[in-house]
Amino acid sequence: EDTIYEYFDVNISSLEGQGFPQDKNVHVVGFGFLKYLETYEYIHHIVLYAEARRGGDGSFFQDMIYGWAPGSMDLVLPDNVGFLFGPDGYDTLILNIHYDNRNLDKGQIDSTGVIMYYTEDLREYDAGVFQIGDGFLWLSDESVTQGSLKNDEYSAWEFTCPCDCIRNALDGDVDEVTFFAEGLHMHEVGSRMETQHLRNGEPIRTVSVDHFDFGAGGVFF
């Protein structure tokens, strides 16, 4: 196939041999992309998820914790923030790699990966990723020309996330959230993207990419 999404999962128990603590909480404080030169041309983007199990019924929740696309740099979290792993945090990693093999080349073996940096000195705050827009790809079967905002040249999709939506997403467990970074991603079909943070109907922060280039993505701090 010319494009495929592959998933690779690992429980932190299998990392004991690499020295990853098994009986205590740690904070993951940074990520790096492990580039494999032989297959780099086939890597469209990667997403790293983390899972945690809660309760005796086997239920779990899954969060995105890191993403990479061409142009991205290593991600280093602020000094007082980290993703919590261990008995009270995540216990499983799931790496999703989007392979883009446009020439249908055969016989390729990939060793692309992610490196995580962690500390046993727990930090003040737990980190998280808040996805907005079409984060679950519900519009994946829709034409980009069918956006709600149109003119003779462009079509655009507009998404809103009101306060009630955010409170529901946080499930009442968090009173205050600080956003320290944001990334914009449109595969190779978008030309411009903008996010606005509104308070009382007025924008207090706007971040935009006026000429989106898939090969020059990244995270804004």
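Three strands, β1 (3-11), β7 (92-100) and β8 (113-119), each put at least two residues into the lining of the second largest pocket. Strands here are DSSP runs (E, at least two residues), numbered from the N terminus. The model is predicted, so to speak of local features takes pLDDT of at least 70, and side-chain atom pairs count only at pLDDT 80 or more, while totals for chains, interfaces and linings use all residues. Residues are numbered from 1 along each chain as its sequence is written, and side-chain values use heavy atoms, with hydrogens and water left out.

That pocket holds about 380 Å³ of space. Of its 15 lining residues, Leu-15, Gln-18, Leu-93, Val-114 and Met-116 sit closest to the centre. β8 is the top contributor, with 5 residues. By type, the lining has 11 nonpolar, 4 polar and no charged residues. For the terms: a pocket is an open set of points on a 1 Å grid where a 1.4 Å probe fits, with protein on both sides within 12 Å along at least five of seven lines, and lining residues have an atom within 4 Å of a point.

Two residues compared (buried is under 20% relative accessible area, exposed over 50%, partly exposed in between, 1.4 Å probe, protein chains only):

| Residue | Relative accessible area | Class |
|---|---|---|
| Ile-115 | 32% | partly exposed |
| Phe-212 | 15% | buried |

Phe-212 lies in the loop between β14 (202-209) and β15 (219-220). Its C-alpha is 8.9 Å from that of His-185, 27 residues away in sequence.

Key:
Points joined across faces, edges and corners; volume = space filled by probe spheres on them. Helix = DSSP H or I, 4+ residues; strand = E, 2+ residues; numbered from the N terminus. Nonpolar A, V, L, I, M, F, W, Y, C, P; charged D, E, K, R; others polar.
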